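Q: Could you take me through this structure, starting with how you use your terms?

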Amino acid sequence: MAEKKNKARGQVSARLNILFLGVFLLFSALILRLGMVQIVQGESYEEELTHVSNQTARIDAPRGLMYDRYGNVVVDNSMELSVTYTNPGNQKAEEILELAKKLSDFIEVDTENLRFRDKQEYWYVTHSEEERKALIEGKKVDDKDEYQTIIDEINEEMVDGYSKEEEQVIAIFTHMLRGTSGTPQRIKQSITEEEAHVLSEHLDKLPNIDLQRDATREYVYGDTLRQLYGSVGSIQSEKVDDYLANGYARSDLVGNSYLELQYENVLRGTKAEISRTSTRTGGEEAESVVEETLGSRGNDLVLSVDMEYQQLLDEAVEKHVMKNRGYYLQQQEGSAYAIVMNPKTGEILAISGFVDPAGEDESYVHPTGAVNNAFEFGSVVKGASVLTGMQEGVVSPDTVVNDRPLHFNGTPEKKSVSTMGPVNMGTALERSSNVYMFEIAMRMGNYTYNANIPQSQRSLFGLSVANDVLERSRYYFSQFGLGTQTGIDLPHEVTGITGVPQEPGASLDFMIGQFDTYTTLQVGQYASTIANDGVRMRPRLVKEILEPSINGEEATVVKEFAPEVLNEVDMSKDKLDVVQNGFRRVVTGSRGTASSIKTDVPIAAKTGTAEISVAIGEGDNRQVLNGNNQSFIGYAPYDDPEIAFAVIAPKVQIPRGTSYKIAQGIAQDLVNDYFDLQENRDGPKSVDSVMDEVDLFENE
């Protein structure tokens, strides 16, 4: 019995020992785990308890200003309010859409440029997953391609018929989707006072929507040169990657044309940065620290343009177009273009264009037409023609040519406006002999005109020779800027059209400016090069780049553009003197083609008319109208030029009995106005400024 009790006690003791061992091992494991947590992993757990978040918002800074050469502000910034949406980074498309619907109750946005793609994305978000999947049922689609495949299946019929209210929502929703996390995205720029008042009262119900100070371009002198300043808008879709690589956000507004585009890197401001750091330790309320880095306005441009003179040139161009509006070809717009340069520096002092459309459309200023529109300029190129002939050695200043109509087999009659008889080079320029210029081309092709043989046997050289004459002539013309890039500080310069001859006579027509086309800028550079003794200068619209002044201090010049020589023509000074003297005789000679012009200072000039044909009407009503491009170039004063200019009035009727000289009238005014200003300056006339209207859908 005692033995059984002892045995039972031993079994209990063994079990207790096992139990104690188990408890000991559990406590040891627990202590080890606590040690691991506290010593080895304590730091990481402490980081989890202390949560830190950082969010940085970048606020656009105003762009740099533009001044004219005398310090008058011509492009300013006007402060305004914009509605913005800042994506916190975790909102779903459905949530953004609901916010867009709420916001549409308070603002009205432009929907004119809504894209088909915007409507597709709206359809996608507003339909169930089952409806979306049904569009690609039976198609084998990878998960990564599913969204785009569904979008592609949404056709125009499915998105057609949205109401104006729905289009408002779509437009707002589209702008919101374009934003990047943490950066304010414009939904509407330049909101009205009423919209700002109503919206500010409801911002608490519109999470992530805000009103932000913004700036838009203000054109101080109305539409004057507005086209040339360029536009500011959304980044063009084909350029997005380039801009993103240079630190831009997809939603940024950038310069998209002319000076705004050419000098985007200069005019772009430095964004302000607002950094919000939130720290939460354990269950405590988060603490926020806000740091702000101030932005700065972009650098300013000082233009070469004289705004007071620019206004006078615009008035002269408009006056002569409107005064002669009945003399333009039927159903064709009345227009004229002019440019004035400093031939010694290349600085553009004024550049103008005016268009009076046919019908009831309103007329408008069109300065960029002087850069982008190319025309046959006619006889103004004859200075380059005689220089080509002299350089080729086929004529000299004493060469006499019998000016009479020329007849060739298979080629239209070639003649001057009137039969002049024997003329030398100076007289040929003074009276604008076409035949003299034809003779240069014929001699370059080793052709001798013989009036004593029958016309059927009087064939001009072949096309291969004509092409050779053209290419050699174009080489010399290009030295003056004709048919080549002028080098102006604008993007995408037009260089005109180089004609392809269909018959040999084209090489003769080229010599009188009736084959290739040129811009007013190119012809202005040509006139400047002659005025500057054969030195071709790069035309410039910007003289200086300034760092904006601070606290009223004088602005710092960041960069000054010195005059730049592009080339010197491969012709001697003696040969250039012949042309300069011939141009002087155009206005002083008794039979000079511009002898009637009246200017306050002595000038040299060359007139031009290019014959053109314009087809109007359709079918049985189709007819061809014959007219002229009137042109006029020159420089003043003749002996020490301060300005060189080019003017063209295209598509004018051929005079019958009376003479209307649109281009010459503009030239007379621009010369007299320029030198009058040297005696008395009052500054530019004040006009109502014009505000830029930025389309946030533009260029997408």
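A: Contact, in what follows, means heavy atoms within 4.5 Å. This is a predicted model, in which local features need pLDDT of at least 70 and side-chain atom pairs count only at pLDDT 80 or more, while totals for chains, interfaces and linings use all residues. Residues are numbered from 1 along each chain as its sequence is written, and side-chain values use heavy atoms, with hydrogens and water left out.

Q: OK, what does Val365 touch, not counting residues up to four places away in sequence?
A: Val365 touches Asp223, Gln227, Gly353 and Phe354 on that count. Val365 sits in strand β13, where helices (H or I, at least four residues) and strands (E, at least two) are DSSP runs numbered from the N terminus. Its C-alpha lies 7.9 Å from that of Asp314, although Val365 and Asp314 are 51 residues apart in sequence.

Q: How many bridges join β24 to β25?
A: There are 13 bridges between β24 and strand β25 (residues 623-636), and the two run antiparallel. As one example of a pair, Ala615 has Val624 of β25 as its bridge partner. Strand β25 also holds Gln623, which is partly exposed with a relative accessible area of 38%. Leaving aside neighbours within four places in sequence, Gln623 is in contact with Gln330, Val614, Ala615 and Ile616.

Q: Switching to helices: how many residues of α16 are buried?
A: In helix α16 (residues 382-392), 9 of its 11 residues are buried, so the helix is mostly covered. The buried residues include Lys382, Val386, Leu387 and Met390. What the buried residues of α16 pack against is α17 (425-431), α18 (434-444), α19 (463-478), α21, α22 and β24. Gly393 follows α16 and has a positive phi, near 80 degrees.

Q: At what angle do α21 and α22 pack?
A: Helix α21 (residues 520-531) and helix α22 (residues 573-588) pack at an angle of about 110 degrees, with their axes 10 Å apart. They are therefore roughly perpendicular to each other, given that angles under 35 degrees count as roughly parallel, over 145 as roughly antiparallel, 65 to 115 as roughly perpendicular and the rest as oblique. Tyr526, Ile530 and Ala531 of α21 make the contact with Val579, Gln580 and Phe583 of α22.

Q: How do the residues of that contact divide?
A: They divide into 5 nonpolar, 1 polar and no charged. Ala, Val, Leu, Ile, Met, Phe, Trp, Tyr, Cys and Pro count as nonpolar, Asp, Glu, Lys and Arg as charged, and the others, Gly among them, as polar.

Q: And what about α3 and α4, at what angle do they pack?
A: Helix α3 (residues 93-103) and helix α4 (residues 116-126) pack at about 110 degrees, with their axes 10 Å apart, which makes α3 roughly perpendicular to α4. The contact is made by Ala93, Glu94 and Leu97 of α3 and by Tyr122, Val125 and Thr126 of α4, and its residues divide into 4 nonpolar, 1 polar and 1 charged.

Q: Last one: how many helices and strands does the chain have?
A: The chain has 23 helices and 27 strands, and buried residues make up 50% of its 700 residues.

Terms used
Axes fitted to C-alpha atoms, helices over the stretch in contact; angles between N-to-C directions. Buried < 20%, exposed > 50% of the residue type's maximum accessible area, 1.4 Å probe, protein only. Pairing = 2+ DSSP bridges.
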